[in-house]
Number of protein chains: 2
Amino acid sequence: MGVAVRICFFGDSFVNGTGDDGCLGWVGRLCSAERLGGADLTLYNLGIRRDTSEDVRRRWRAEADARLPDDCDGRLVFSFGLNDLAPADEHGTPRIAPEATLDNAYAILTEASAWLPTLVVGPLPVTSSAERNDLVVRYSDRLKNLCAERAVPFFDAVPFAAEFHGTWRSEADAGDGIHPNAGSYDALANAVRRWGPWRSWFAG
Amino acid sequence: MGVAVRICFFGDSFVNGTGDDGCLGWVGRLCSAERLGGADLTLYNLGIRRDTSEDVRRRWRAEADARLPDDCDGRLVFSFGLNDLAPADEHGTPRIAPEATLDNAYAILTEASAWLPTLVVGPLPVTSSAERNDLVVRYSDRLKNLCAERAVPFFDAVPFAAEFHGTWRSEADAGDGIHPNAGSYDALANAVRRWGPWRSWFAG
(Lines give C-alpha, C1' and ligand atoms only; values in the text may rest on other atoms or scores of the structure.)
Protein backbone atom coordinates (compact mmCIF):
# COMPACT_ATOMS: atom_id res chain seq x y z
CA MET A 1 0.00 0.00 0.00
CA GLY A 2 2.96 2.39 0.19
CA VAL A 3 3.16 4.97 2.98
CA ALA A 4 0.20 5.57 5.29
CA VAL A 5 -0.35 9.27 5.72
CA ARG A 6 -3.12 11.44 7.11
CA ILE A 7 -3.33 14.87 5.54
CA CYS A 8 -5.19 17.93 6.82
CA PHE A 9 -5.97 20.54 4.17
CA PHE A 10 -6.77 23.98 5.59
CA GLY A 11 -8.11 26.96 3.72
CA ASP A 12 -11.10 28.50 2.03
CA SER A 13 -13.95 27.49 -0.27
CA PHE A 14 -11.59 26.41 -3.04
CA VAL A 15 -10.03 23.95 -0.58
CA ASN A 16 -13.52 22.85 0.44
CA GLY A 17 -14.32 22.23 -3.22
CA THR A 18 -17.40 24.44 -3.21
CA GLY A 19 -19.28 24.20 -6.50
CA ASP A 20 -18.01 20.74 -7.43
CA ASP A 21 -20.97 18.50 -8.21
CA GLY A 22 -18.64 15.58 -7.47
CA CYS A 23 -18.15 16.90 -3.89
CA LEU A 24 -14.41 16.31 -4.20
CA GLY A 25 -12.77 19.60 -5.17
CA TRP A 26 -9.11 19.59 -6.12
CA VAL A 27 -8.28 18.16 -2.70
CA GLY A 28 -10.50 15.09 -3.04
CA ARG A 29 -9.46 14.51 -6.64
CA LEU A 30 -5.78 14.76 -5.72
CA CYS A 31 -6.08 12.37 -2.78
CA SER A 32 -8.23 9.89 -4.68
CA ALA A 33 -5.61 9.77 -7.43
CA GLU A 34 -2.93 8.93 -4.84
CA ARG A 35 -5.08 6.20 -3.30
CA LEU A 36 -5.74 4.71 -6.72
CA GLY A 37 -1.97 4.89 -7.23
CA GLY A 38 -1.43 2.76 -4.15
CA ALA A 39 -1.03 5.25 -1.30
CA ASP A 40 -2.72 4.51 2.03
CA LEU A 41 -3.94 8.06 2.55
CA THR A 42 -6.59 9.53 4.84
CA LEU A 43 -7.99 12.90 3.87
CA TYR A 44 -9.27 15.58 6.21
CA ASN A 45 -10.71 18.45 4.16
CA LEU A 46 -10.80 21.50 6.43
CA GLY A 47 -11.50 24.22 3.91
CA ILE A 48 -14.22 26.65 4.98
CA ARG A 49 -16.16 29.08 2.82
CA ARG A 50 -15.31 32.76 3.50
CA ASP A 51 -12.37 31.87 5.73
CA THR A 52 -9.57 34.43 5.90
CA SER A 53 -5.99 33.83 7.05
CA GLU A 54 -7.15 35.08 10.45
CA ASP A 55 -9.87 32.42 10.63
CA VAL A 56 -7.41 29.69 9.65
CA ARG A 57 -4.88 30.94 12.18
CA ARG A 58 -7.50 30.79 14.92
CA ARG A 59 -8.65 27.23 14.28
CA TRP A 60 -6.06 25.18 12.43
CA ARG A 61 -4.08 23.83 15.36
CA ALA A 62 -7.04 22.58 17.39
CA GLU A 63 -8.60 20.93 14.34
CA ALA A 64 -5.29 19.34 13.34
CA ASP A 65 -4.60 18.12 16.89
CA ALA A 66 -7.96 16.32 16.89
CA ARG A 67 -7.09 14.56 13.61
CA LEU A 68 -3.37 13.87 13.75
CA PRO A 69 -2.40 11.98 16.92
CA ASP A 70 1.31 11.60 17.57
CA ASP A 71 1.43 7.97 16.42
CA CYS A 72 0.18 8.86 12.93
CA ASP A 73 2.15 10.12 9.96
CA GLY A 74 0.44 13.51 9.75
CA ARG A 75 0.92 16.14 7.04
CA LEU A 76 -0.42 19.66 6.53
CA VAL A 77 -1.42 21.61 3.42
CA PHE A 78 -2.52 25.25 3.54
CA SER A 79 -4.14 27.48 0.93
CA PHE A 80 -5.63 30.77 2.13
CA GLY A 81 -5.65 34.53 1.67
CA LEU A 82 -8.11 35.11 -1.18
CA ASN A 83 -10.89 36.05 1.23
CA ASP A 84 -8.52 38.48 2.96
CA LEU A 85 -8.46 40.48 -0.27
CA ALA A 86 -12.24 40.57 -0.66
CA PRO A 87 -13.70 44.04 -0.04
CA ALA A 88 -15.16 44.53 3.43
CA ASP A 89 -17.02 47.73 2.48
CA GLU A 90 -18.04 49.94 -0.45
CA HIS A 91 -14.59 51.60 -0.50
CA GLY A 92 -12.94 48.32 -1.37
CA THR A 93 -11.05 48.06 1.91
CA PRO A 94 -9.86 44.44 2.14
CA ARG A 95 -11.30 42.24 4.88
CA ILE A 96 -7.74 41.72 6.17
CA ALA A 97 -4.94 44.18 5.41
CA PRO A 98 -2.00 42.69 3.44
CA GLU A 99 0.43 43.12 6.35
CA ALA A 100 -1.93 41.22 8.65
CA THR A 101 -2.36 38.45 6.07
CA LEU A 102 1.41 38.00 5.88
CA ASP A 103 1.66 38.11 9.66
CA ASN A 104 -0.97 35.36 9.91
CA ALA A 105 0.80 33.31 7.26
CA TYR A 106 4.10 33.69 9.12
CA ALA A 107 2.55 32.55 12.39
CA ILE A 108 0.72 29.59 10.85
CA LEU A 109 3.60 28.33 8.74
CA THR A 110 6.23 28.74 11.43
CA GLU A 111 4.23 26.66 13.90
CA ALA A 112 3.04 24.14 11.31
CA SER A 113 6.40 23.43 9.69
CA ALA A 114 8.08 23.04 13.09
CA TRP A 115 5.51 20.34 13.86
CA LEU A 116 4.83 18.37 10.66
CA PRO A 117 5.71 18.28 6.95
CA THR A 118 3.89 21.27 5.49
CA LEU A 119 3.05 22.50 2.00
CA VAL A 120 1.41 25.67 0.72
CA VAL A 121 -0.73 25.94 -2.40
CA GLY A 122 -0.64 29.54 -3.56
CA PRO A 123 -3.67 31.77 -4.21
CA LEU A 124 -5.52 31.55 -7.53
CA PRO A 125 -5.98 34.70 -9.62
CA VAL A 126 -9.18 33.42 -11.24
CA THR A 127 -11.73 36.19 -10.76
CA SER A 128 -13.34 38.02 -13.68
CA SER A 129 -11.58 41.25 -12.61
CA ALA A 130 -8.08 41.93 -13.94
CA GLU A 131 -7.54 44.43 -11.14
CA ARG A 132 -8.48 41.87 -8.49
CA ASN A 133 -6.30 39.24 -10.11
CA ASP A 134 -3.36 41.66 -9.97
CA LEU A 135 -3.87 41.96 -6.23
CA VAL A 136 -3.87 38.17 -5.96
CA VAL A 137 -0.63 37.89 -7.93
CA ARG A 138 0.98 40.49 -5.68
CA TYR A 139 -0.11 38.56 -2.57
CA SER A 140 1.11 35.34 -4.15
CA ASP A 141 4.57 36.83 -4.67
CA ARG A 142 4.82 37.98 -1.08
CA LEU A 143 3.60 34.63 0.24
CA LYS A 144 6.08 32.84 -2.03
CA ASN A 145 8.93 34.84 -0.50
CA LEU A 146 7.70 34.16 3.00
CA CYS A 147 7.54 30.42 2.27
CA ALA A 148 11.06 30.49 0.83
CA GLU A 149 12.34 32.10 4.04
CA ARG A 150 10.58 29.44 6.14
CA ALA A 151 11.70 26.64 3.77
CA VAL A 152 8.06 25.68 3.20
CA PRO A 153 7.42 24.42 -0.35
CA PHE A 154 5.09 26.76 -2.25
CA PHE A 155 3.00 25.69 -5.25
CA ASP A 156 2.76 28.75 -7.47
CA ALA A 157 -0.82 28.73 -8.79
CA VAL A 158 -0.36 31.79 -11.01
CA PRO A 159 0.84 29.87 -14.10
CA PHE A 160 -1.93 27.32 -13.52
CA ALA A 161 -4.52 30.11 -13.38
CA ALA A 162 -3.19 31.61 -16.60
CA GLU A 163 -3.44 28.27 -18.40
CA PHE A 164 -6.92 27.33 -17.12
CA HIS A 165 -8.51 30.76 -16.81
CA GLY A 166 -11.03 30.05 -19.57
CA THR A 167 -12.16 26.72 -18.12
CA TRP A 168 -12.40 28.19 -14.64
CA ARG A 169 -14.38 31.25 -15.73
CA SER A 170 -16.83 29.31 -17.86
CA GLU A 171 -17.52 26.86 -15.02
CA ALA A 172 -17.77 29.67 -12.45
CA ASP A 173 -20.11 31.69 -14.68
CA ALA A 174 -22.34 28.64 -15.07
CA GLY A 175 -22.41 28.39 -11.25
CA ASP A 176 -22.33 31.15 -8.63
CA GLY A 177 -19.80 33.30 -10.50
CA ILE A 178 -16.91 32.44 -8.18
CA HIS A 179 -16.66 28.69 -7.69
CA PRO A 180 -15.93 26.37 -10.60
CA ASN A 181 -16.96 22.74 -11.09
CA ALA A 182 -15.37 19.37 -11.79
CA GLY A 183 -13.20 20.35 -14.76
CA SER A 184 -11.28 23.15 -13.06
CA TYR A 185 -10.86 21.26 -9.80
CA ASP A 186 -9.64 18.24 -11.75
CA ALA A 187 -7.09 20.36 -13.62
CA LEU A 188 -5.75 21.84 -10.38
CA ALA A 189 -5.55 18.40 -8.79
CA ASN A 190 -3.49 17.19 -11.74
CA ALA A 191 -1.15 20.17 -11.54
CA VAL A 192 -0.52 19.76 -7.80
CA ARG A 193 -0.12 16.03 -8.25
CA ARG A 194 2.83 16.58 -10.62
CA TRP A 195 4.47 19.07 -8.24
CA GLY A 196 7.75 17.78 -6.80
CA PRO A 197 7.20 18.53 -3.09
CA TRP A 198 3.81 16.79 -3.17
CA ARG A 199 5.24 13.84 -5.11
CA SER A 200 8.01 13.45 -2.55
CA TRP A 201 5.39 12.60 0.09
CA PHE A 202 4.56 9.44 -1.87
CA ALA A 203 8.01 8.36 -2.96
CA GLY A 204 8.71 6.27 0.19
CA MET B 1 -30.79 25.28 -7.86
CA GLY B 2 -33.30 24.38 -5.10
CA VAL B 3 -32.42 25.07 -1.47
CA ALA B 4 -28.92 26.18 -0.49
CA VAL B 5 -27.79 24.26 2.57
CA ARG B 6 -24.48 23.72 4.34
CA ILE B 7 -24.24 20.43 6.15
CA CYS B 8 -21.72 19.40 8.80
CA PHE B 9 -21.31 15.64 9.23
CA PHE B 10 -19.72 14.64 12.54
CA GLY B 11 -18.52 11.21 13.53
CA ASP B 12 -15.88 8.56 13.08
CA SER B 13 -13.88 6.95 10.28
CA PHE B 14 -16.99 5.69 8.50
CA VAL B 15 -18.19 9.30 8.30
CA ASN B 16 -14.73 10.31 7.09
CA GLY B 17 -14.98 7.66 4.38
CA THR B 18 -11.73 5.96 5.36
CA GLY B 19 -10.81 3.22 2.89
CA ASP B 20 -12.74 4.69 -0.05
CA ASP B 21 -10.40 5.02 -3.02
CA GLY B 22 -12.81 7.64 -4.35
CA CYS B 23 -12.19 9.77 -1.21
CA LEU B 24 -15.93 10.36 -0.89
CA GLY B 25 -17.30 7.87 1.61
CA TRP B 26 -21.06 7.59 2.03
CA VAL B 27 -21.17 11.26 2.98
CA GLY B 28 -19.55 12.53 -0.21
CA ARG B 29 -21.53 10.13 -2.39
CA LEU B 30 -24.78 11.21 -0.75
CA CYS B 31 -24.05 14.92 -1.11
CA SER B 32 -22.82 14.59 -4.68
CA ALA B 33 -26.06 12.82 -5.62
CA GLU B 34 -28.06 15.72 -4.18
CA ARG B 35 -25.97 18.29 -6.06
CA LEU B 36 -26.40 16.35 -9.28
CA GLY B 37 -30.12 16.33 -8.47
CA GLY B 38 -30.14 20.13 -8.33
CA ALA B 39 -29.46 20.96 -4.68
CA ASP B 40 -27.08 23.83 -3.85
CA LEU B 41 -25.31 21.98 -1.08
CA THR B 42 -21.99 22.60 0.68
CA LEU B 43 -20.46 19.64 2.46
CA TYR B 44 -18.27 19.76 5.54
CA ASN B 45 -17.06 16.24 6.36
CA LEU B 46 -15.97 16.24 9.99
CA GLY B 47 -15.58 12.53 10.59
CA ILE B 48 -12.39 11.59 12.44
CA ARG B 49 -10.77 8.19 12.69
CA ARG B 50 -10.92 6.66 16.20
CA ASP B 51 -13.29 9.35 17.48
CA THR B 52 -15.59 8.34 20.31
CA SER B 53 -18.79 10.08 21.39
CA GLU B 54 -16.65 11.90 23.95
CA ASP B 55 -14.36 13.24 21.23
CA VAL B 56 -17.32 14.40 19.15
CA ARG B 57 -18.93 16.00 22.19
CA ARG B 58 -15.74 17.94 22.90
CA ARG B 59 -15.26 19.38 19.42
CA TRP B 60 -18.49 19.47 17.44
CA ARG B 61 -19.82 22.86 18.48
CA ALA B 62 -16.63 24.83 17.83
CA GLU B 63 -16.14 23.15 14.45
CA ALA B 64 -19.77 23.74 13.48
CA ASP B 65 -19.70 27.37 14.63
CA ALA B 66 -16.72 28.00 12.34
CA ARG B 67 -18.60 26.53 9.36
CA LEU B 68 -22.23 27.55 9.84
CA PRO B 69 -22.60 31.31 10.31
CA ASP B 70 -26.04 32.55 11.32
CA ASP B 71 -26.91 33.79 7.84
CA CYS B 72 -26.49 30.32 6.31
CA ASP B 73 -28.98 27.47 6.19
CA GLY B 74 -26.94 25.08 8.33
CA ARG B 75 -27.74 21.43 9.06
CA LEU B 76 -26.13 18.76 11.25
CA VAL B 77 -25.71 15.01 10.85
CA PHE B 78 -24.14 12.81 13.53
CA SER B 79 -22.96 9.20 13.47
CA PHE B 80 -20.81 8.02 16.36
CA GLY B 81 -20.39 5.43 19.08
CA LEU B 82 -18.71 2.48 17.35
CA ASN B 83 -15.30 3.49 18.71
CA ASP B 84 -16.81 3.75 22.19
CA LEU B 85 -17.43 -0.01 22.04
CA ALA B 86 -13.89 -0.86 20.95
CA PRO B 87 -11.88 -2.61 23.67
CA ALA B 88 -9.52 -0.32 25.59
CA ASP B 89 -7.57 -3.20 27.15
CA GLU B 90 -7.06 -6.96 27.03
CA HIS B 91 -10.13 -7.53 29.22
CA GLY B 92 -12.39 -6.07 26.54
CA THR B 93 -13.39 -3.05 28.62
CA PRO B 94 -14.94 -0.61 26.17
CA ARG B 95 -13.17 2.69 25.54
CA ILE B 96 -16.29 4.49 26.74
CA ALA B 97 -18.85 2.80 29.01
CA PRO B 98 -22.36 2.49 27.50
CA GLU B 99 -23.90 4.89 30.05
CA ALA B 100 -21.30 7.53 29.20
CA THR B 101 -21.93 7.05 25.47
CA LEU B 102 -25.62 7.65 25.95
CA ASP B 103 -24.88 10.62 28.18
CA ASN B 104 -22.66 12.11 25.46
CA ALA B 105 -25.32 11.45 22.83
CA TYR B 106 -27.93 13.13 24.99
CA ALA B 107 -25.78 16.22 25.50
CA ILE B 108 -24.81 16.48 21.82
CA LEU B 109 -28.28 15.93 20.40
CA THR B 110 -30.05 18.18 22.88
CA GLU B 111 -27.77 21.11 22.05
CA ALA B 112 -27.64 20.37 18.34
CA SER B 113 -31.36 19.95 17.74
CA ALA B 114 -32.14 23.10 19.72
CA TRP B 115 -29.84 24.97 17.34
CA LEU B 116 -30.28 23.50 13.85
CA PRO B 117 -32.08 20.72 11.95
CA THR B 118 -30.31 17.56 13.08
CA LEU B 119 -30.24 13.94 11.93
CA VAL B 120 -28.57 10.83 13.33
CA VAL B 121 -27.28 7.91 11.28
CA GLY B 122 -27.18 4.88 13.54
CA PRO B 123 -24.17 2.64 14.18
CA LEU B 124 -23.29 -0.12 11.71
CA PRO B 125 -22.96 -3.72 12.95
CA VAL B 126 -20.48 -4.66 10.22
CA THR B 127 -17.57 -6.26 12.04
CA SER B 128 -16.53 -9.87 11.49
CA SER B 129 -17.50 -10.68 15.09
CA ALA B 130 -21.11 -11.68 15.80
CA GLU B 131 -20.57 -10.84 19.47
CA ARG B 132 -19.33 -7.35 18.63
CA ASN B 133 -22.19 -6.83 16.21
CA ASP B 134 -24.65 -7.76 18.98
CA LEU B 135 -23.16 -5.01 21.13
CA VAL B 136 -23.59 -2.56 18.27
CA VAL B 137 -27.23 -3.53 17.78
CA ARG B 138 -27.85 -3.07 21.49
CA TYR B 139 -26.26 0.39 21.39
CA SER B 140 -28.25 1.21 18.28
CA ASP B 141 -31.51 0.36 20.06
CA ARG B 142 -30.69 2.58 23.01
CA LEU B 143 -29.63 5.45 20.75
CA LYS B 144 -32.80 5.03 18.71
CA ASN B 145 -34.89 5.44 21.88
CA LEU B 146 -32.91 8.47 22.94
CA CYS B 147 -33.42 10.06 19.52
CA ALA B 148 -37.16 9.35 19.68
CA GLU B 149 -37.33 11.11 23.05
CA ARG B 150 -35.48 14.13 21.64
CA ALA B 151 -37.52 14.04 18.39
CA VAL B 152 -34.31 13.68 16.39
CA PRO B 153 -34.78 11.50 13.28
CA PHE B 154 -32.72 8.31 13.50
CA PHE B 155 -31.62 6.27 10.48
CA ASP B 156 -31.56 2.66 11.63
CA ALA B 157 -28.46 1.16 9.99
CA VAL B 158 -29.08 -2.36 11.31
CA PRO B 159 -31.28 -3.52 8.40
CA PHE B 160 -28.82 -1.92 5.97
CA ALA B 161 -25.93 -3.78 7.60
CA ALA B 162 -27.82 -7.07 7.38
CA GLU B 163 -28.49 -6.57 3.66
CA PHE B 164 -24.96 -5.45 2.72
CA HIS B 165 -22.90 -7.43 5.23
CA GLY B 166 -21.29 -9.53 2.50
CA THR B 167 -20.28 -6.56 0.36
CA TRP B 168 -18.97 -4.69 3.38
CA ARG B 169 -16.95 -7.64 4.71
CA SER B 170 -15.41 -8.50 1.36
CA GLU B 171 -14.34 -4.89 0.80
CA ALA B 172 -13.06 -4.54 4.36
CA ASP B 173 -11.13 -7.81 4.16
CA ALA B 174 -9.50 -6.60 0.94
CA GLY B 175 -8.49 -3.43 2.83
CA ASP B 176 -7.51 -2.97 6.47
CA GLY B 177 -10.14 -5.41 7.81
CA ILE B 178 -12.43 -2.66 9.13
CA HIS B 179 -13.04 -0.02 6.47
CA PRO B 180 -14.79 -0.88 3.21
CA ASN B 181 -14.40 0.75 -0.19
CA ALA B 182 -16.55 2.39 -2.86
CA GLY B 183 -19.27 -0.27 -3.16
CA SER B 184 -20.29 -0.31 0.50
CA TYR B 185 -20.12 3.45 0.89
CA ASP B 186 -22.17 3.84 -2.27
CA ALA B 187 -24.81 1.44 -0.96
CA LEU B 188 -25.07 3.30 2.35
CA ALA B 189 -25.32 6.65 0.53
CA ASN B 190 -28.21 5.29 -1.53
CA ALA B 191 -29.99 3.98 1.56
CA VAL B 192 -29.68 7.29 3.45
CA ARG B 193 -30.70 9.19 0.33
CA ARG B 194 -34.05 7.35 0.23
CA TRP B 195 -34.68 8.00 3.92
CA GLY B 196 -37.62 10.36 4.53
CA PRO B 197 -36.05 12.78 7.03
CA TRP B 198 -33.05 13.30 4.73
CA ARG B 199 -35.29 13.70 1.68
CA SER B 200 -37.36 16.32 3.49
CA TRP B 201 -34.29 18.59 3.58
CA PHE B 202 -34.40 18.78 -0.21
CA ALA B 203 -38.13 19.03 -0.77
CA GLY B 204 -38.29 22.85 -0.53
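Which residue is the bridge partner of A:F10 in β3(A)? The partner is A:F78.

The model is predicted, so local features require pLDDT of at least 70 and side-chain atom pairs count only at pLDDT 80 or more, while totals for chains, interfaces and linings use all residues. Residues are numbered from 1 along each chain as its sequence is written, chains are lettered from A and ligands numbered from 1 in the order in which they are written, and side-chain values use heavy atoms, with hydrogens and water left out.

## Sheets

Helices (H or I, at least four residues) and strands (E, at least two) are DSSP runs numbered from the N terminus. Two strands pair if DSSP finds at least two bridges between them. On these terms, chain A has an open sheet of five strands in the order β2-β1-β3-β4-β5, with parallel pairing. Its edge strands are β2 and β5 (154–155), each of which pairs on one side only.

Within this sheet, β1 (residues 4–11) of chain A runs parallel to β3(A) and is joined to it by six bridges. Strand β3(A) is also joined to β4 (residues 118–121) of chain A, again in parallel, by three bridges.

Burial is defined by relative accessible area: buried means under 20%, exposed over 50%, and partly exposed in between (1.4 Å probe, protein chains only). Six of the six residues of β3 (residues 74–79) of chain A are buried, so this strand is largely enclosed by the rest of the structure. Both of its faces are covered, with A:G74, A:L76 and A:F78 buried on one side and A:R75, A:V77 and A:S79 buried on the other.

Chain B likewise holds an open sheet of five strands in the order β2-β1-β3-β4-β5, with parallel pairing. At its edges stand β2 and β5 (154–155) of chain B, each with a single partner strand, so one side of each is left without a neighbour in the sheet. Strands β1 (residues 4–11) and β3 (residues 74–79) of chain B pair in the parallel sense over six bridges, and B:S79 in β3(B) is the bridge partner of B:G11.

## Two buried residues

A:C31 lies in helix α2 of chain A and counts as buried at 0% relative accessibility. Contact means heavy atoms within 4.5 Å. Leaving aside neighbours within four places in sequence, A:C31 is in contact with A:F9, A:L41, A:L43, A:W198 and B:C23. A:C31 and A:R193 are 162 residues apart in sequence, and their C-alpha atoms are 8.9 Å apart in space.

B:S53 belongs to helix α3 (residues 53–67) of chain B and is buried, with a relative accessible area of 0%. Not counting residues up to four places away in sequence, B:S53 touches B:F80, B:D84, B:I96, B:T101, B:N104 and B:I108. The side chains of B:S53 and B:N104 are joined by a polar contact of 2.9 Å. A polar contact is a pair of N or O atoms within 3.5 Å; within protein, one must be able to donate a hydrogen and the other to accept it, and residues adjacent in sequence count only if both atoms are side-chain atoms.

## Pocket and cavities

On a 1 Å grid over the protein atoms alone, a cavity is a set of points where a 1.4 Å probe fits but cannot get out, and a pocket is an open set with protein on both sides within 12 Å along at least five of seven lines; lining residues have an atom within 4 Å of a point. Grid points are joined across faces, edges and corners, and a volume is the space filled by probe spheres set on the points.

The largest pocket has a volume of about 660 Å³. Of its 41 lining residues, those closest to its centre are A:N16, A:G17, A:D20, A:C23 and A:L24. At least two lining residues each come from α2 (25–36), β2 (40–47) and α7 (158–174) of chain A and from α2 (25–36) and β2 (40–47) of chain B. The largest share, six residues, is supplied by β2(B). By class, the pocket lining comprises 14 nonpolar, 18 polar and nine charged residues. Here Ala, Val, Leu, Ile, Met, Phe, Trp, Tyr, Cys and Pro count as nonpolar, Asp, Glu, Lys and Arg as charged, and the others, Gly among them, as polar.

There are two cavities of 30 Å³ or more.

| Cavity | Volume | Lining residues |
|---|---|---|
| Largest cavity | about 40 Å³ | B:D12, B:F14, B:V15, B:W26, B:S79, B:F80, B:L82, B:G122, B:P123, B:L124 |
| Second largest cavity | about 30 Å³ | A:D12, A:F14, A:S79, A:F80, A:L82, A:G122, A:P123, A:L124 |
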